[in-house]
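This report goes through one protein chain, from overall figures to single residues. Please keep the sequence and the coordinates at hand while reading.

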Amino acid sequence: MWPFKRKAEEIRADTAAVSGDALLKALVSDPKINKEQAMQIPAVSACVNLIAGTVAMIPFRLYKVDNDKIKLSEERDDSRVGLLNIDPGDTLDAFQMKRALIEDYLLDEGGYAYIEKRGNKVKSLRYVDTANIGFSYNADPIFKDYKLLVNGKQYYPHEFIKLLRRTRDGHRSISVVEENSEPFSIAYQTMRFQNKMLKTGGAKKGFVKSQKKLSQEALDFLKSAWKRMFSEDDSENVVILNDGLEFQESSATPAEMQLHENISSSTRQICQIFGVPYQLISRDSTPSEEDRIIFLQYCIQPILSEIETALNRDFLLESEKGTLKWAADTSELTKADVLKRYQAYEIASKNGFMQIDEIRFKENMEPLGLDFVKLGLQDVLYYPKEKVTFVPNMNQVGGIEIAKEDRERLLRKEKEEKDENSDTE
């Protein structure tokens, strides 16, 4: 029986070699792809560039918190602010550094920046590619501890700013590529299949039928010519069939007929994975205001919160924690929309929680030196500690206690007048 079994396997192998679909063959291969391959997928590249570029343009401010945790004052003269937002002291500028950190955060094992110090003073921030970082860690699941290895030299965790995605051990994050290896692999192999079709001119596979048996020399020549035709080399794309040979085109496979639909579906799926509305990366549609809000609220804001947490943990001294805090200045996100930004300033100014010079500072304009606070005469001001109200329009001070005193004073006055009238009578 074994010769027949072997013959059947050879027939199946030949059939697959002739009519098999290259895309389906690729999809059943190893589903894992790396960061560089993932960035070749247009949808992945568009989403990562959009997210990384948006986060990189947002400055981070350092604020001092008072003891009551109510008042905030910006620390503008701290050197760390300039390192984080202008020049980190590395070959990369601040925008490029934050962009690289976010790309590693999304697609690699996390974003790392080394904090160079002289004593307690930070001298520079230096981006370190994840490919150059290793770890040595203990096996205790409770009291976890680790050290970072860069070129064989050990560093402590607090010497780095670490942006980690879905970490379970505090040093290695789970990238989007690792978490979604199968859909990313499908998109990558689909792109490769489409690219191969374009390079080969879209030539269809098929069968060559012969009315007579061909010699081995003729078979070898035909195979060689056919291989050159379907190769990516454009030097020869014509095969001459001699008398008695006929080419019969094979029908399109379902994967080939639905290639466009597969690409569109894969693009939308990748957008969902990153949390980016499809309309923001598509040229065929106009994003709505709701799309922008969803992108900022559900995609950008969580990343900003992770950066703030990392900065508050590793970019502050232990003695500064609780009195200083880092926060993202999200007002930069509205600079592209002038009307919306000015309307927000108008509301802030009318309600008294922003003054003219504060607005001019955010717009990079020279302050006018106005040292007064703008208030509306229609407002009633209340001082909770003294339980006193003040009406600017009437220049009148009031409150419950004052009202009680006025009432008592009025009653005393009426009683005195009444007593005086009684004595007179």
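The model is predicted: local features need pLDDT of at least 70, side-chain atom pairs count only at pLDDT 80 or more, and totals for chains, interfaces and linings use all residues. Residues are numbered from 1 along each chain as its sequence is written, and side-chain values use heavy atoms, with hydrogens and water left out.

**Overall figures**

The chain has 15 helices and 14 strands; these are DSSP runs numbered from the N terminus (helices: H or I, at least four residues; strands: E, at least two). Of its 425 residues, 33% count as buried. Buried stands for under 20% relative accessible area, exposed for over 50%, and partly exposed for values in between (1.4 Å probe, protein chains only). The accessible surface comes to about 28,200 Å², and 52% of it belongs to carbon and sulfur atoms. Accessible areas come from the Shrake-Rupley method with a 1.4 Å probe, and for residues only the protein chains shown count as cover. Among contacts in the chain with a separation of 6 or more, 59% are between residues 24 or more positions apart, where contact means heavy atoms within 4.5 Å.

**Salt bridges**

Side chains of opposite charge can pair when their charged atoms come close. The structure holds 16 salt bridges, each defined as a side-chain nitrogen of Lys or Arg within 4 Å of a carboxyl oxygen of Asp or Glu.

| Pair | Closest N and O atoms |
|---|---|
| Arg61 and Asp329 | 3.2 Å |
| Arg166 and Glu179 | 1.9 Å |

Arg61 forms a salt bridge with Asp329. This pair links distant parts of the chain, 268 residues apart: Arg61 is in strand β1 (residues 60-65), and Asp329 is in the loop between β11 (324-328) and α13 (338-350). Asp329 counts as buried, at 10% relative accessibility.

Arg166 forms a salt bridge with Glu179.

Glu289 is partly exposed at 35%, and Arg292 is partly exposed at 39% relative accessibility. Elsewhere, salt bridges that share partners join Asp90, Glu116, Arg118 and Arg126 into one network.

**A patch of negative charge**

Which residues gather in a patch of negative charge on the surface? They are Glu414, Glu416, Glu417, Asp419 and Glu420. Such patches are made of residues with over 30% relative accessible area and no salt bridge, with like charges joined within 9 Å. Asp and Glu count as negative and Lys and Arg as positive, whereas His and the chain ends are not counted. The place of a charge is taken as CG of Asp, CD of Glu, NZ of Lys or CZ of Arg. Glu420 is found in helix α15 (residues 400-424), and at 52% relative accessibility it counts as exposed.

**Single residues**

Asn151 has a positive phi of about 55° although it is not a glycine. Asn151 lies in the loop between β6 (146-150) and β7 (153-155). Is Asn151 buried or exposed? At 72% relative accessibility, Asn151 counts as exposed.

Ile263 lies in helix α11 (residues 259-274) and counts as partly exposed, at 27% relative accessibility. Leaving aside residues up to four places away in sequence, Ile263 touches Thr190 and Gln194. The C-alpha atoms of Ile263 and Ala43 are separated by 9.6 Å, and the two residues are 220 residues apart along the chain.

Notes
Patch = residues over 30% accessible without salt bridge, like charges linked within 9 Å, V, L, I, M, F, W, Y side chains within 5 Å.
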